[in-house]
Amino acid sequence: METFEPEIVAFCCHYCAYTAADMAGSKRISYPSNVKIIRVPCTGKVDAIHLMKALEIGADGVYVAGCLAGDCHFKNGNVRAEARVNRVKKMLTELGWEPERVAMVKLSAGMGEQFAETARKFTETIRKLGPGPGKRTGIDDRAAS
Amino acid sequence: MITAEQKPMQEIIQYIAPYSKILLVGCNECVTVCAAGGRKEVGLLASALHLNHLKQGKTIDIKEITLERQCDPEYVEELAPYIDGVDAVVSMACGCGVQTVAGRYKKSPVFPAVNTRFMGASLGQGVWAERCKGCGDCVLGITGGICPVARCSKHLFNGPCGGTSNGQCEIGPETDCAWRLIWERLKELGMEDRYEDLMNAKDWRPGGAAGPGKIIREDLA
Amino acid sequence: MNTQSRLEKILASGELAVTSECGPPRGARPEKVKEKSALLKDHVDGINVTDNQTAMVRMSSFAAAVIIKQMGLDPIMQMVARDRNRLAMQSDIIGAYAFGINTMLCLSGDHAKFGDHPMAKGVFDIDSVQMINMVRRMRDDETFQGGAKIDGAPKMFIGAAANPFADPFELRVMRLAKKIKAGVDFIQTQCIFNLDKFEEWMKGVTDRGLDKKVHILAGITPMKSVGMARYMKNKVPGMDIPDTVIKRLEGVSKQQQPEEGIKMAVESIERIKQIKGVHGFHIMAIEWEEKVPQIVEQAGLYPRPKV
């Protein structure tokens with residue numbers, strides 16, 4: 001278990017969290033390299049299936065980073081994303097997995113420091129939980145199917 | 001449309017526990033619109049079932065397919081090439097679809113993954129409400145376009161009962177009193193005088209009392 | 001006169017009628033029916049026997065009505081549309097009539113949600129208005145609802161309920177007219193606490209001359225306590241309890257509340273007697289049957305006329 005390095009997918013909104021990640025980079029605020037960022041035009045675009053598939057094929061944790069409440073560029077994409085994250089949490093619970101493996105966070109474009117902090121905290125949470133569903137039997141090849 | 005909701009995950013898991021190759025079949029019609037059993041939900045359920053098996057250190061083969069219409073033999077035929085390669089079928093269609101599949105592929109166990117709820121209409125994103133009971137003798141023409149069979153908790157034809165308060169049904173504030181709605185609509189239409197027409201005891205035969213319903217159109221059959 | 005009903009005879013005589021009710025026990029305890037009815041026997045012209053009231057299973061109204069009939073009293077058999085289809089209703093009506101039960105009340109019934117079997121499927125084959133019509137045709141046309149002739153038609157005096165307080169208010173007189181059209185003979189109203197509103201409703205009734213076509217018995221319920229008043233105001237569907245009622249009960253000590261409640265019931269009767277078109281009272285003393293004689297006496301409705 002000591003060698004376990006979590007793999008984390010972060011779906012980041014182009015208008016806020018992704019820019020915040022950029023800012024963290026340009027300010028040289030480091031955050032764990034465990035976090036792989038996927039830029040989305042709006043977190044409203046992130047569906048439950050994206051979170052589930054990520055876990056299924058090897059991610060140990062997934063989070064969605066959208067705009068602050070009321071600040072969505074498309075009105076309420078972040079609200080919808082949060083509802084979907086909650087749905088996936090419920091499904092994971094039903095399946096006996098830890099609901100903490102998925103999360104919703106809200107950031108503004110200027111919150112580079114908070115972005116890094118979120119990444120660190122989430123990585124630690126997942127590190128404590130251990131390997132995710134896809135890691136258990138190492139069926140990473142299903143990523144291709 | 002026909003509305004449905006996914007069954008509790010554990011119930012589905014128990015159905016398929018003895019099997020390792022599953023054909024998971026969605027439907028492009030009503031259950032797609034009410035987000036219970038369309039392509040998207042098929043993908044999500046497949047993923048959930050994979051996660052379940054991974055938890056137990058097992059794997060499961062799931063072939064995902066979504067038919068144009070699962071209550072139609074023509075489309076159900078599309079499952080033929082896959083059926084011999086699987087141990088069981090899980091259907092995400094309404095009860096009509098499940099039975100059409102089960103009737104066609106007699107050797108495969110077919111399990112429902114959704115609970116069919118009612119014939120309803122969409123009230124907004126993610127909200128559906130019952131609107132029709134399929135009574136077989138539509139009275140909407142004399143009740144101002146609001147159905148007393150589907151929307152009055154007591155199916156009253158000469159309502160409202162004495163339980164209405166603040167315009168809501170006695171069963172709870174989230175249900176409008178159908179007869180309050182009928183009355184308001186009759187007033188809007190200037191048809192108040194129709195309210196006092198007695199509606200006679202209903203003949204329930206067309207709605208199922210005569211046994212399972214069946215329509216045979218001679219010109220089409 | 002259409003029937004042998006004692007209630008019909010009283011009403012035909014022009015006297016104010018008095019009815020009360022007896023909720024059957026939740027078990028095979030005939031003595032409970034007898035005890036409750038015995039409390040009422042000299043003070044009322046008919047005893048309503050409720051039919052699985054509030055959707056709780058109880059001894060059937062038919063069976064309890066038979067017990068009351070066998071005591072030489074006059075049961076009014078209630079029947080709800082919730083628990084029976086038209087076959088069961090008609091067979092029970094014939095059966096009841098065979099035991100001499102000649103007065104009944106046709107109701108929709110509280111939704112099963114409120115009772116101890118919320119998972120039950122409500123029948124609602126026909127509604128209360130259609131039930132009235134069915135019973136009338138069984139009596140007057142001697143035919144079943146399905147059309148066949150009855151050999152030995154039940155001659156029921158037909159009652160129904162009316163709630164002047166449920167909304168929409170403007171429909172409440174019209175719905176009464178519908179029940180009259182269906183063939184109802186008498187009406188027992190929902191418990192009256194808002195007398196102004198009841199007067200308004202009665203004005204609507206008399207303006208249309210409906211009081212000439214049906215006998216209206218005003219529903220009276222004595223409040224046992226301020227707690228009961230609050231509960232009825234907040235929890236019982238279709239109930240209209242003005243704040244003045246609650247305030248008045250709050251104004252006396254807890255020990256005095258029952259007596260105050262009875263006083264209020266008697267005052268209500270006195271006032272309602274003055275309203276044109278009211279032909280009697282239906283006193284619903286919920287699990288408090290022993291107080292009915294006192295109310296009847298204090299309201300000047302005793303002794304009951306002999307018919």
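# A tour of the predicted model, beginning with chain C

Begin with the charges of chain C: the mean positions of its 44 positive and 38 negative charges lie 2 Å apart. Lys and Arg are taken as positive and Asp and Glu as negative, while His and the chain ends are not counted; each charge is placed at NZ of Lys, CZ of Arg, CG of Asp or CD of Glu. This is a predicted model, in which local features need pLDDT of at least 70 and side-chain atom pairs count only at pLDDT 80 or more, whereas totals for chains, interfaces and linings use all residues. Residues are numbered from 1 along each chain as its sequence is written, chains are lettered from A in the order in which they are written, and side-chain values use heavy atoms, with hydrogens and water left out.

**Chain C as a whole**

Colour chain C by secondary structure to display eleven helices and eight strands; helices (H or I, at least four residues) and strands (E, at least two) are DSSP runs, numbered from the N terminus. The radius of gyration of chain C is 18 Å, close to the 19 Å of the globule rule for 307 residues, so chain C is as compact as a globular protein of that length. That radius is taken over C-alpha atoms, and the rule is 2.2 Å times the number of residues to the power 0.38. Along its principal axes, the C-alpha trace of chain C spans about 60 × 45 × 40 Å.

Next, display the surface of chain C, whose accessible area comes to about 12300 Å², with 51% belonging to carbon and sulfur atoms; the areas come from the Shrake-Rupley method with a 1.4 Å probe. Of the 307 residues of chain C, 59% count as buried (buried is under 20% relative accessible area, exposed over 50%, partly exposed in between, with a 1.4 Å probe and protein chains only).

**The nonpolar cores**

Select C:Met131, C:Phe198, C:Trp201 and C:Ile272, which touch the most other members of the largest nonpolar core, a set of 73 residues. Such a core consists of buried Ala, Val, Leu, Ile, Met, Phe, Trp, Tyr and Cys residues joined through side-chain atoms within 4.5 Å. Centre on C:Phe198: leaving aside neighbours within four places in sequence, its contacts include C:Pro164, C:Thr189, C:Ala218 and C:Ile272 (a contact means heavy atoms within 4.5 Å). A second, separate core of 50 residues includes A:Met52, A:Ala59, A:Met91 and B:Val114.

**Loops of chain C**

Move to C:Glu289, in the loop between β8 (278-283) and α11 (292-298) of chain C. C:Glu289 is buried, at a relative accessible area of 5%. Not counting residues up to four places away in sequence, C:Glu289 touches C:Glu21, C:Cys22, C:Gly23, C:Lys36, C:Leu39 and C:Leu40.

C:Asp167 and C:Pro168 are joined by a cis bond with omega of about -5°, and C:Pro168 sits in the loop between β5 (157-162) and α6 (171-182) of chain C. A cis bond also joins C:Tyr302 and C:Pro303, with omega of about 0°; C:Pro303 is in the segment after α11 of chain C.

**Chains A and B**

Select A:Arg28, in the loop between α1 (17-26) and β2 (35-40) of chain A. Although not a glycine, A:Arg28 has a positive phi of about 60°, and at 77% relative accessibility it counts as exposed. In chain B, select B:His155, between α7 (148-151) and α8 (178-188). B:His155 has a positive phi of about 50° and is buried, with a relative accessible area of 18%.

No contact joins chain A and chain C, whose closest C-alpha atoms lie 26 Å apart.
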